[in-house]
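Hello,

Here is the structure I promised to pass on. Please have it open while you read, and my notes follow below.

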Amino acid sequence: MRVMGVDPGLTRCGVGVVEGVAGRPLTMLGVGVVRTSADADLGSRLVAVERGLEAWLDEHRPEVVAVERVFSQHNVRTVMGTAQASAVAMLCAARRGIPVVLHTPSEVKAAVTGSGRADKAQVGAMVTRLLRLDAPPKPADAADALALAICHIWRAPAVNRLQQAHAAAKASRPAAPASASVRKVPR
């Protein structure tokens with residue numbers, strides 16, 4: 001499975017591509033950031049993020065795009081920029097028919113480090129170890145993007161089994177009658 005992880009942001013949007021399957025060594029195919037100038041207007045920044053992500057999609061042709069789920073932060077301006085960059089990533093993937101999955105930051109940290117409260121340094125260290133890299137990817141946004149891809153590769157088999165079990169359980173339930181008539185019972 002080839003997964004492109006996206007750590008959304010307007011100034012630095014982390015991007016990482018990992019290939020592999022759960023239980024086997026993973027391979028990093030690419031890592032970097034799409035950067036925009038904080039001085040540019042919002043529309044120009046979003047177009048720059050889109051162009052950067054489209055270039056990554058063209059080059060790496062992922063099967064899935066894993067995006068960090070935007071969560072509430074105290075700084076509304078920061079969360080808005082993150083949400084906008086996240087939407088651009090989802091749009092770019094959807095336009096190509098590539099499935100998009102969302103993972104929360106704590107979900108990613110727990111998958112990669114074993115603790116949902118791990119800090120950036122711990123995530124970077126584990127990404128380095130898991131992908132057999134010489135040094136942690138810089139900046140942290142790049143390491144976070146790789147962590148998203150790793151998280152999805154590891155979680156996808158379990159999620160698929162749960163979805164299949166749910167579908168099987170739903171299919172085995174007796175169907176409700178198409179229309180039930182209600183009769184009044186005399187007293």
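Where is the place of arginine 132? Arginine 132 sits in the loop between α4 and α5. One thing to keep in mind as you look: this is a predicted model.

For context, most residues other than glycine have a negative phi, and most peptide bonds are trans. Arginine 132 counts as exposed because its relative accessibility is 51%, and exposed means over 50%.

Arginine 61 also has a positive phi, about 45°, although it is not a glycine. You will find arginine 61 in the loop between α1 (42-60) and β4 (64-68). With a relative accessibility of 57%, arginine 61 counts as exposed.

Back in the loop between α4 (120-130) and α5, have a look at proline 139. The peptide bond that joins lysine 138 and proline 139 is cis, with omega about -10°.

Finally, follow the chain into helix α5, which spans residues 140-172 and holds histidine 152. Is histidine 152 buried or exposed? Histidine 152 has a relative accessibility of 9%, so it counts as buried, the cut-off being under 20%. If you leave aside its neighbours within four places in sequence, histidine 152 is in contact with Met1, Val3, Val64, Ala66, Val101 and His103.

Conventions
Residues numbered from 1 in each chain as written. Predicted model: local features only at pLDDT ≥ 70, side-chain atom pairs only at ≥ 80, totals over all residues. Heavy atoms only, no water. Helix = DSSP H or I, 4+ residues; strand = E, 2+ residues; numbered from the N terminus. Buried < 20%, exposed > 50% of the residue type's maximum accessible area, 1.4 Å probe, protein only. Contact = heavy atoms within 4.5 Å.
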